[in-house]
Amino acid sequence: MFGWNHDYEYVGVTPGLTPADGTGEVRRVKGRKEWAGEAAVQFAPPKGVSAALAGTVVDGKVDPRDIGAMMIDLSLRGWFRIDKQDDSWLFVQNEFPRDDIITQVEADFLNALFPPGVKYVGLEQMKRQLRGPLRHITDSLYRETMERGWYERDPRSKGFLGLAGRSPRTADGTAVRIQTLGFRKYIATAEAKQIKYEEAAGLFSRYLPYAMIFGLTERWASVIGDVAKAAQLEGYGNIMGGLASDPFFWLFFGDDIAYLGIEAIGGLADLLGDSAGLFDLGDMAGGLGDVFGSVGDTIGDIAGDIFDF
């Protein structure tokens with residue numbers, strides 16, 4: 001085995017970390033093409049790494065789930081909202097959030113979703129509008145992995161002498177991947193009792209796009225729901241604050257506790273269950289999954305000739 005397509009890793013540092021001085025000895029990952037050890041739990045995503053980029057560096061490819069996570073992330077950050085419209089969805093542009101900074105690829109996505117003069121976009125219209133720009137957005141994500149030093153070549157590049165293969169990650173790329181895998185472990189194992197009531201709202205919105213790329217959306221929603229339920233039982237009321245009015249947030253508890261904010265969530269409640277206002281937590285998680293499923297299906301429909309997966 002020549003190992004020409006094996007990732008690089010740093011020598012003499014804990015997996016996931018980088019040398020303090022920014023330099024260090026590197027070597028090819030032994031035995032496998034990519035690092036396959038047990039990642040230590042990370043309680044936050046890698047600093048400055050969006051969910052879409054995290055999903056890309058974990059498996060070396062941009063896929064519909066990564067694009068969908070970027071979309072949900074932008075909505076949760078206030079750039080647009082998604083309203084229920086009959087049996088479909090309507091994307092509604094908001095005023096630009098003053099305190100949020102977006103990357104170039106995020107700006108490209110928003111410009112594709114809402115061209116000049118367009119404030120409302122239906123699901124079918126979104127399919128048409130994103131069909132062309134999606135390739136550019138995908139290319140931009142791959143390019144950013146190289147600009148950040150995670151790959152020396154485009155991850156889609158062919159292997160040695162043009163043979164089938166993969167572009168290896170740099171040692172920095174391996175470190176970020178390990179950090180991301182450690183954060184996945186946190187999302188997969190977190191328990192409600194570990195989360196402070198005052199932190200639940202922020203954690204829900206910040207980490208939800210990452211839960212999407214990990215395939216753990218329903219689990220993360222369920223954990224935060226358990227936190228909110230416990231807070232309600234202890235008399236803390238609505239600990240989720242303004243998120244109760246966000247179309248992606250739900251505050252549905254068991255049948256013994258009233259649902260808070262049904263008017264604010266509006267049309268989404270019809271998708272999620274009983275309009276009387278009392279919902280089962282499991283049903284709610286499933287409804288939330290329907291939202292993401294619609295986005296994922298749409299992105300998948302228009303990405304067949306772009307993504308290699």
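Two residues are in contact when heavy atoms of theirs lie within 4.5 Å. With that in hand, here's a quick tour of a predicted model, where local features need pLDDT of at least 70, side-chain atom pairs count only at pLDDT 80 or more, and totals for chains, interfaces and linings use all residues. Residues are numbered from 1 along each chain as its sequence is written, and side-chain values use heavy atoms, with hydrogens and water left out.

**The big picture**

- The protein has 11 helices and 5 strands; these are DSSP runs numbered from the N terminus, with helices being H or I of at least four residues and strands E of at least two.
- Buried residues account for 50% of the 309 residues, where buried means under 20% relative accessible area, exposed means over 50% and partly exposed is in between (1.4 Å probe, protein chains only).
- Take the contacts between residues at least 6 apart in sequence: 63% of them join residues at least 24 apart.

**The nonpolar core**

- A nonpolar core is a set of buried Ala, Val, Leu, Ile, Met, Phe, Trp, Tyr and Cys residues joined through side-chain atoms within 4.5 Å.
- The largest one here has 62 residues, and the members touching the most others are Phe-80, Phe-91, Phe-109, Ile-187, Ile-195 and Trp-220.
- Helix α7 (residues 197-214) gives this core its largest share, 12 residues.
- Leaving aside residues up to four places away in sequence, Phe-109 touches Ile-67, Met-70, Met-71, Leu-74, Leu-130 and Ile-137.

- Helix α3 (residues 104-113) is largely enclosed by the rest of the structure, because 8 of its 10 residues are buried.
- Phe-109 is one of those buried residues, and the others include Glu-106 and Asp-108.
- Among the elements covering the buried residues of α3 are α2 (64-76), β3 (80-85), β5 (120-122), α4 (123-130) and α5.

**Helix α1 and its neighbours**

- Helix α1 is also largely enclosed, since 7 of its 9 residues are buried.
- Its buried residues pack against α2, α5, α6 and α7.
- The axes of α1 (residues 51-59) and α5 (residues 133-147) come within 10 Å and cross at roughly 75°; axes are lines fitted to C-alpha atoms, for helices over the stretch in contact, and angles run from 0 to 180 degrees between N-to-C directions.
- That makes α1 roughly perpendicular to α5, a label for angles of 65 to 115 degrees (under 35 is roughly parallel, over 145 roughly antiparallel, the rest oblique).
- Ala-52, Leu-53 and Thr-56 of α1 meet Leu-141, Tyr-142, Glu-144 and Thr-145 of α5.
- Just after α1, Gly-60 takes a positive phi of about 75°.

- The whole structure holds 11 aromatic pairs: rings of Phe, Tyr and Trp (its six-membered ring) pair if their centres lie within 6.5 Å, with planes under 30 degrees apart counted as stacked, over 60 as edge-to-face and the rest as tilted.
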